Amino acid sequence: MTALVVPLVLLANGLAAGVLVGTQLGGWPLLASLPPRQYVHAHAFFATRYDPFMPICFVGTVLGDLVLAAGADRAAARWAFGVSVPLVLVAVVVSVTRNVPVNRWVRALDPQALPPDFADRDPRPRWGAWNRGRCVLAVTALLTNCLGTGLLL
């Protein structure tokens, strides 16, 4: 079972971490630099592509890590896989409570008719900080999953 689950966990966690690192390196700097109308248009474009994809990666990582934390052959590997679970779960909580609501709000906006108080409500500073946190959590989880994999070899 471990031989099947480990690659799936590494794939799911690696894809999630990769998307978040890519967002930090390219997507976020672009979004932060755009004028409000262009930002709303671009953010909505990105969000419709990543929102369905990321939950699958996060849930797959958590489920696989739970299986590995319970059943890996070596105690140290079980510990490493177990450490990943709360890291990814916190990333999921941040996603659901912080980033996804912003994504939904921005998708509902008309870039040509932004609310008059958009400058006061511009979510970029908060969204960027929470997204950075998710990135750190996902990459740290990937590191612990790689450690667990190495301990099994």
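**Thr23 and the chain around it**

Analyst: In this predicted model, Thr23 is a residue of helix H1, which covers residues 2-33.

User: Is Thr23 buried or exposed?

Analyst: The relative accessibility of Thr23 is 12%. A residue counts as buried when this value is under 20%. Because 12% falls under that cut-off, Thr23 is classed as buried.

User: Which residues is Thr23 in contact with, leaving aside its neighbours within four places in sequence?

Analyst: A contact requires heavy atoms within 4.5 Å. With the neighbours within four places in sequence set aside, the contacts of Thr23 are Trp28, Pro29, Tyr50, Trp127 and Asn131.

User: How many helices and how many strands are there in the chain?

Analyst: Read from the N terminus, the elements follow the order α-α-α-α-α. The count for the chain is therefore five helices and zero strands.

User: What percentage of the contacts in the chain with a separation of 6 or more comes from residues 24 or more positions apart?

Analyst: The question concerns contacts in the chain with a separation of 6 or more. Among these, the share from residues 24 or more positions apart is 82%.

User: What percentage of the residues of the chain count as buried?

Analyst: The chain has 153 residues.

User: How far apart are the mean positions of the positive and negative charges of the chain?

Analyst: The chain carries 12 positive and 7 negative charges. The distance between their mean positions is 2 Å.

Methods:
Residues numbered from 1 in each chain as written. Predicted model: local features only at pLDDT ≥ 70, side-chain atom pairs only at ≥ 80, totals over all residues. Heavy atoms only, no water. Helix = DSSP H or I, 4+ residues; strand = E, 2+ residues; numbered from the N terminus. Buried < 20%, exposed > 50% of the residue type's maximum accessible area, 1.4 Å probe, protein only. Lys, Arg positive; Asp, Glu negative; His and termini not counted. Charge placed at Lys NZ, Arg CZ, Asp CG, Glu CD.
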